[in-house]
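Hi,

Here is the structure I promised to pass on.

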Amino acid sequence: MRKLYTVAVWILAAAVLVGFFPNGEEAALCDGVLRLHVIAASDSEEDQAVKLAVRDALLETVTPLVADCGDRDGAAAVLAANADLLRDCAVQTLADHGFDYGAQVLLGQEQYPTRTYESAALPAGEYLSLRVVLGEGDGQNWWCVLFPPLCIGSAADTESVCVEAGLTPGQYRLITGSEENVRYRVKFKLLEIFGEWFGKK
């Protein structure tokens, strides 16, 4: 009887774990999303405040640039072609607020842990990212989903925007604050923990 109980527990545990492995939609999510990552120079109150000012200026600049992009790669190409413009935008915003430590703008793959942003959640993984590093980049960061444009408030119907950008309705629900979002956040975090465990072996 004890052996039967042990087997039943293992079967139940396996069933629960299988439910936490990514399905096709979740696994493909990294390939359809472009993230904006703004990293402050330090955690001082002043550096954190100017980080948000740079964020606002960048979003205002980026919005018209990616407005007509049909997919992530198209948006990435536009941003790469305008990297100098974006860097100048960040540097000018810093200067307007009395900071002269400069900024770097990098477009490339970046490894992220599980992250939440307002009503959005994304699993840990490697994402294409527009990374804006202010000064030494030693402070807390801010991120959002730049494409599809979930951090640009002009989109009235975010689901349509996401689907038009190539994401499935299921992937939209994974990212945004649906009734299942809490479950997905737990799932994403567990996957991250499992990855850390296996990565150390």
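Let me start with a proline: Pro 123 counts as buried, at 9% relative accessibility (buried is under 20% relative accessible area, exposed is over 50%, partly exposed is in between, using a 1.4 Å probe and protein chains only). Pro 123 belongs to the loop between strand S4 (120-122) and S5. Helices (H or I, at least four residues) and strands (E, at least two) are DSSP runs numbered from the N terminus.

Before going on, some housekeeping. This is a predicted model, where local features need pLDDT of at least 70, side-chain atom pairs count only at pLDDT 80 or more, and totals for chains, interfaces and linings use all residues. Residues are numbered from 1 along each chain as its sequence is written, and side-chain values use heavy atoms, with hydrogens and water left out.

Overall layout: the protein chain has 8 helices and 6 strands, in the order α-α-β-α-α-α-β-β-β-β-β-α-α-α from the N terminus. Of its 201 residues, 43% count as buried. Taking contacts (heavy atoms within 4.5 Å) between residues at least 6 apart in sequence, 72% join residues at least 24 apart.

Now the cores. A nonpolar core here is a set of buried Ala, Val, Leu, Ile, Met, Phe, Trp, Tyr and Cys residues joined through side-chain atoms within 4.5 Å. The largest one has 30 residues, and Leu 34, Leu 36, Leu 79, Leu 130, Val 132 and Leu 146 touch the most other members. S1, H3, H4, H5, S2, S5 and S6 each give two or more residues to this core, with H3 giving the most, 7 residues. Ignoring neighbours within four places in sequence, Leu 130 has contacts that include Leu 34, Leu 36, Leu 79, Leu 86, Val 105 and Leu 146. Another core, of 8 residues, lies apart from the largest one and has Leu 29, Cys 30, Tyr 112 and Leu 122 among its members.

Helix H4 (residues 72-81) is worth a click. Its buried residues are Arg 72, Ala 75, Ala 76 and Leu 79. They sit on the same side of H4, because they cover an arc of only 100 degrees around the axis (the arc is taken from the directions from the helix axis to the C-beta atoms). What do the buried residues of H4 pack against? The partners are strand S1 (34-39), helix H3 (45-66), helix H5 (83-96), strand S2 (103-112), strand S5 (125-134) and strand S6 (141-147). At the start of H4, the backbone nitrogen of Asp 73 has a side-chain oxygen of Asp 71 within 3.3 Å.

In H5, take a look at Thr 93. Thr 93 is buried, at 9% relative accessible area, and a polar atom of its side chain lies 2.8 Å from the backbone oxygen of Cys 89. Beyond neighbours within four places in sequence, Thr 93 is in contact with Ala 53, Val 54 and Ala 57.

On to the rings. There are 2 aromatic pairs; rings of Phe, Tyr and Trp (its six-membered ring) pair if their centres lie within 6.5 Å, and planes under 30 degrees apart are stacked, over 60 edge-to-face and the rest tilted. Phe 99 and Tyr 101 make a tilted pair, since their centres are 5.4 Å apart and their planes are at 50 degrees. The pair of Tyr 112 and Tyr 127 is edge-to-face, at 5.9 Å centre to centre and 85 degrees between the planes. Tyr 112 lies in strand S2 and Tyr 127 in strand S5, so this pair ties together parts that are 15 residues apart in sequence. Tyr 112 and Tyr 127 are both buried.

Arg 35 has its charged end over Tyr 127, 4.5 Å from the ring centre, and Arg 55 lies over the face of Trp 142 at 5.1 Å.

Most peptide bonds are trans. Pro 148 falls in the loop between S6 and helix H6 (158-164).

Cheers

Terms used:
Polar contact = N/O pair within 3.5 Å; in protein donor to acceptor, adjacent residues only side chain to side chain. Lys NZ or Arg CZ within 6 Å of the ring centre and 35° of its normal.
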